[in-house]
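Keep the coordinates open as you read.

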Amino acid sequence: MKRICVTELVLDNCLCVNGEIEGLNDAFKKLEFLSMANVELSSLARLPSLNKLRKLELSDNIISGGLEVLAEKCPNLTYLNLSGNKIKDLSTVEALQNLKNLKSLDLFNCEITNLEDYRESIFELLQQITYLDGFDQEDNEAPDSEEEDDEDGDEDDEDEDEAEAGPPEGYEEEEEEEEEDEDEDEDEGGSELGEGEEEVGLSYLMKEEIQVNGHFLCALKINYLGRGLSTIKKEEGLRGEKRKRDAEDDGEEEDD
């Protein structure tokens with residue numbers, strides 16, 4: 001059976017019984033991050049050995065001492081949050097000197113913060129730490145690893161968006177060539193034809209003839225004058241009537 005390796009565990013707001021969280025034991029020896037905020041923890045005596053633990057969240061509990069256990073159970077801690085506990089004096093914090101890798105300590109909202117020269121005293125007592133309550137000795141804020149990751153991710157996304165938004169190489173040249181081709185096609189094709197109409201060239205008009213009432217008329221003449229077949233038929237009828245009247249007039253003159 002394959003075992004699952006747990007490296008992060010959050011037990012916030014779970015109920016602590018007799019100073020321990022049921023089920024939290026040496027089986028979690030691979031833990032690198034453990035959070036037990038607001039679990040009514042009063043002692044660290046029952047904490048299992050967690051040699052790989054780097055970050056420990058113990059905020060909003062009722063811990064008042066016994067911090068020397070941390071150097072034994074969690075010797076590689078780099079971040080420790082004890083804010084909102086019952087820590088009152090420097091002697092309690094002195095036990096953290098054995099955490100040689102500790103870089104960040106949070107005692108915010110503990111009674112010890114009311115001491116005169118609180119920050120100067122803690123930095124002098126725990127010379128290995130860089131940040132106290134989120135700030136270094138020069139009041140520079142500690143970097144947030146999650147925010148840094150988000151910023152890096154945003155920069156990557158922006159780069160990707162710019163790469164996607166910008167035109168590919170040679171795009172403008174291709175677009176100009178397409179526009180030139182379209183202009184040439186429009187010049188060659190002339191005006192657009194309506195639906196169902198057929199384009200007729202000059203050579204076609206010169207050759208083809210249309211028969212109307214037995215007479216062959218040049219299609220070119222019809223197209224040039226802009227007259228349709230109905231107009232041609234009407235003119236042919238008028239010509240017939242005129243010839244008929246002319247013949248009648250001739251007959252009357254002969255009779256005379």
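Asn38 is partly exposed, with a relative accessible area of 41%. Asn38 sits in the loop between strand 2 and strand 3. Its phi is positive, about 55 degrees, although Asn38 is not a glycine. Most residues other than glycine have a negative phi.

The model is predicted, so local features need pLDDT of at least 70 and side-chain atom pairs count only at pLDDT 80 or more, while totals for chains, interfaces and linings use all residues. Residues are numbered from 1 along each chain as its sequence is written, and side-chain values use heavy atoms, with hydrogens and water left out.

Asp139 also has a positive phi without being a glycine, here near 65 degrees. Asp139 is found in the loop between strand 6 and helix 4 (145-165). With a relative accessible area of 55%, Asp139 is exposed.

Back to the loop between strand 2 and strand 3. Ser42 belongs to this loop and is partly exposed at 38% relative accessible area. Which residue lies 6.1 Å from Ser42, C-alpha to C-alpha, yet 23 residues apart in sequence? Gly19 does. Pro48 lies in the loop between strand 2 and strand 3 too. Is Pro48 buried or exposed? Pro48 is buried, with a relative accessible area of 8%. Its C-alpha atom is separated by 9.5 Å from that of Glu20, 28 residues apart along the chain.

Now the sheet. Helices (H or I, at least four residues) and strands (E, at least two) are DSSP runs, numbered from the N terminus. Two strands pair if DSSP finds at least two bridges between them. Six strands form an open sheet in the order 1-2-3-4-5-6, with parallel pairing. Strand 1 (8-10) and strand 6 (131-132) stand at the edges with a single partner strand each, so one side of each is left without a neighbour in the sheet. Strand 2 (residues 33-35) and strand 3 (residues 55-57) run parallel and are joined by three bridges. Phe33 has Lys55 in strand 3 as its bridge partner.

Step back to the loop between strand 1 and strand 2. Leu31 is placed there. Leu31 is buried, with a relative accessible area of 0%. Leu31 and Leu53 are 5.5 Å apart in space, C-alpha to C-alpha, and 22 residues apart in sequence.

Lys29 has its place in the loop between strand 1 and strand 2 as well. At 53% relative accessibility, Lys29 counts as exposed. Which residues form the positive surface patch? Lys29, Lys30, Lys52 and Arg54 do. Patches are made of residues with over 30% relative accessible area and no salt bridge; like charges are joined within 9 Å, nonpolar side chains (Val, Leu, Ile, Met, Phe, Trp, Tyr) within 5 Å. A salt bridge is a side-chain nitrogen of Lys or Arg within 4 Å of a carboxyl oxygen of Asp or Glu.

One more loop remains. Leu67 lies between strand 3 and helix 1 (68-73), in the loop. At 1% relative accessibility, Leu67 counts as buried.

Methods: Accessible areas come from the Shrake-Rupley method with a 1.4 Å probe; for residues, only the protein chains shown count as cover. Lys and Arg count as positive and Asp and Glu as negative; His and the chain ends are not counted. The place of a charge is taken as NZ of Lys, CZ of Arg, CG of Asp or CD of Glu. Buried means under 20% relative accessible area, exposed over 50%, partly exposed in between (1.4 Å probe, protein chains only).
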